[in-house]
Amino acid sequence: MSAVVWAVVSIVAAFGGFVALSLAMDRHHEQVFGRGADLPRRRRVALRLTGTGALAVSLAASLAAQGPTQGWVLWCGVLTVAAVGQVLALTYAPHG
């Protein structure tokens, strides 16, 4: 696959990872699903593991796109873009 495809995979995986990690937090879970939406411990752990796995996939895709030297730099940029996108989505999305 080309470097552009790997970079897109990296951004999508990082965004998904940040979304999963934020939904594992009570405050953000309530913001998205409304008050009284209980977050069971099992779901919280599953969201944390999913988010961590997605960030690992993002790192692997960045390293595949640019190699071991520039891949880390690409990953830092991807994390920045994904984090800003996720923060804006939580900030401006209608709350339940």
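How many aromatic pairs does the structure hold?

## The aromatic pair

This is a predicted model, and the structure holds 1 aromatic pair. The partners are W72 and W75, with ring centres 6.0 Å apart. Their planes sit at 80 degrees, so we're looking at an edge-to-face pair; the cut-off for that label is over 60 degrees.

Both tryptophans belong to helix α3, which covers residues 41–92. They are 3 residues apart there, so about one helical turn separates W72 from W75.

## How the two tryptophans sit

Is W75 buried or exposed? W75 counts as buried because its relative accessibility is 18%, and the cut-off for buried is under 20%.

## The salt bridge

On the charged side, the structure holds 1 salt bridge. D26 pairs up with R44 here, and their closest N and O atoms are 2.5 Å apart. D26 is in helix α2 (residues 26–33) while R44 is in helix α3, so this contact ties together parts that lie 18 residues apart in sequence.

What about accessibility for these two? R44 is buried, with a relative accessible area of 18%. D26 has 46% relative accessibility, so D26 counts as partly exposed.

## Putting it together

Helix α3 turns up in both stories: W72 and W75 lie in helix α3, and R44 lies in helix α3 too, with its partner D26 over in helix α2.

Definitions and conventions:
Residues are numbered from 1 along each chain as its sequence is written. This is a predicted model: local features need pLDDT of at least 70, side-chain atom pairs count only at pLDDT 80 or more; totals for chains, interfaces and linings use all residues. Side-chain values use heavy atoms; hydrogens and water are left out. Rings of Phe, Tyr and Trp (its six-membered ring) pair if their centres lie within 6.5 Å; planes under 30 degrees apart count as stacked, over 60 as edge-to-face and the rest as tilted. Helices (H or I, at least four residues) and strands (E, at least two) are DSSP runs, numbered from the N terminus. Buried means under 20% relative accessible area, exposed over 50%, partly exposed in between (1.4 Å probe, protein chains only). A salt bridge is a side-chain nitrogen of Lys or Arg within 4 Å of a carboxyl oxygen of Asp or Glu.
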